[in-house]
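Hi,

Here is the model I promised to pass on.

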Amino acid sequence: MRILRHLLLAAAIAPAIVHAAPKAKQAPKQVASFFPQLDLGRFLADNFDLASVRSSLAARRTPELRTFADFGMLPTNSGDDGVTFDGERWLYQLRVVRRADINNDGIEDLEVCFTDRAKGASYDSSQSLLVSRYSDETYAVALRYESDACGPAKREKASTTLTVPSSKPQ
């Protein structure tokens, strides 16, 4: 009986001992990156595939017009945290919030807030994006992924369709 009691006691406390034991540290996972470390904004101006995201540029986009640079747009501001195109009638901005392997596929991603705003009109859209690039030869593309890059208040706004009222009388 005494042996049985000791075995039951050992079985009862064994999980606690295993849980309290120090865990072996895992080696950091290698993450491949196909984004530059410096002047990321300029890189996005030249390499972000606008076909991978809904935007006001979609109606004008052709297979040859894939990036802001393809549209002939020059950044008004760019740096390591994003790029802005502040024109007379439109504002486009890609603001990088975080760089990491966000979707755990072994490739560095960018968590980005994409702003697409008409000046003097009602079109104003902000979308949280996960931007990834799979090789040095491919575009940076937006992937479907839940994110708060634009902040929690903007998330619902990004999921709604905004329409610009027509100026033509009906």
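**What turned up**

Phe 48 is buried, at a relative accessible area of 0% (buried is under 20% relative accessible area, exposed over 50%, partly exposed in between, with a 1.4 Å probe and protein chains only). Before going on, the ground rules: this is a predicted model, where local features need pLDDT of at least 70, side-chain atom pairs count only at pLDDT 80 or more, and totals for chains, interfaces and linings use all residues. Residues are numbered from 1 along each chain as its sequence is written, and side-chain values use heavy atoms, with hydrogens and water left out.

Back to the rings. Rings of Phe, Tyr and Trp (its six-membered ring) pair if their centres lie within 6.5 Å, and planes under 30 degrees apart are stacked, over 60 edge-to-face, the rest tilted. That gives six aromatic pairs. One of them joins Phe 48 and Phe 114: the centres are 6.5 Å apart and the planes sit at 55°, so this pair is tilted. Phe 48 is in the loop between helix 2 (40-47) and strand 1 (77-79), while Phe 114 is in strand 4, 66 residues apart (helices, H or I of at least four residues, and strands, E of at least two, are DSSP runs numbered from the N terminus). Phe 114 is buried too, with a relative accessible area of 0%.

Trp 90 and Tyr 123 make an edge-to-face pair, 5.6 Å centre to centre with 65° between the planes. Trp 90 belongs to strand 3 (residues 90-100) and Tyr 123 to the loop between strand 4 and strand 5 (124-132), 33 residues apart. Trp 90 is partly exposed at 24%, whereas Tyr 123 is buried at 14%.

Cys 113 lies in strand 4 (residues 109-118) and Cys 150 in the loop between strand 6 (141-143) and helix 3 (152-158), so the bond ties together parts 37 residues apart in sequence. The S-S torsion is about 110°, so the disulfide is right-handed. Cys 113 and Cys 150 are both buried.

Last item: Asp 101, in the loop between strand 3 and strand 4, counts as buried at 13% relative accessibility. The side chain of Asp 101 reaches the backbone nitrogen of Gly 106 at 2.8 Å.

Cheers

Note on methods
Disulfide = S-S within 2.5 Å. Polar contact = N/O pair within 3.5 Å; in protein donor to acceptor, adjacent residues only side chain to side chain.
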